[in-house]
Amino acid sequence: MKLNRKSMWSLQFSTVALVLIPAAIGINFLGKLFAELLKLPLWIDSIGTVLSAMLAGPIIGAIVGIINNVIYGFTTSPISFVYAITQAVIGLVVGIMAYKGWISSVKKAIILGLVVGFIAATVSTPLNIMFWEGMTGNVWGDALFAYLRANDNALWVASFADSIVVDVPDKVVTVLLSFLLFRSLPKNVKNMYDNHGEIEKL
């Protein structure tokens, strides 16, 4: 369904919006912990970012993504600060596409996940090259990176391929899980984020 906000760039300073931000960050942490415990070849650390963007728009989604990685930076790894850029872009893209109606069906959610995965890989690749010599830190992606470099492929090609094979499936799964959570929410909960209350337009 297409959301009914007055503007996708509306920023709602309500209790529900303020509660959503820490809740979404908590969901991101749980997803990351779950993936690490099960040794999954995915990140699963953006569900809260994606869900908050679906509910409250691109600005809230980007805010959740940025704060999420700042907290990661202080608690897990300082390099996470850098990837706040990627998380912010994820929140923006999902928020914009959700507003345009791209969460109305499973098929559209899958397409949204593919788009987000490709964009996330594009944003992360130069960061990976600058800070990780082109690698992602994911065992599957880095194996492909090593293979491509061993066969004389350019660094940016190997790094982008490394990101793509991780980010695309990760974001498809993330968006689908977020979509299912979104669809399961009661209608009155979703209506609280339609910006009919007190808002400030940016």
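What volume does the largest pocket have? About 790 Å³, the space filled by probe spheres set on grid points joined across faces, edges and corners. A pocket here is an open set of points on a 1 Å grid over the protein atoms alone, probed at 1.4 Å, with protein on both sides within 12 Å along at least five of seven lines; lining residues have an atom within 4 Å of a point.

Before you click, note that this is a predicted model, where local features need pLDDT of at least 70 and side-chain atom pairs 80 or more, while totals for chains, interfaces and linings use all residues. Residues count from 1 along each chain, and side-chain values use heavy atoms, without hydrogens or water.

Select Lys32, Trp43, Asp45, Thr136 and Gly137: of the 32 lining residues, these are the closest to the pocket's centre. Now colour helix 7 (155-184), which gives the most to the lining, with 4 residues. Helices are DSSP runs of H or I, at least four residues, numbered from the N terminus.

Next, show helix 1 (15-37) and helix 3 (58-75). Their axes, lines fitted to C-alpha atoms over the stretch in contact, come within 9 Å and cross at roughly 55°.

Terms used
Helix = DSSP H or I, 4+ residues; strand = E, 2+ residues; numbered from the N terminus. Axes fitted to C-alpha atoms, helices over the stretch in contact; angles between N-to-C directions.
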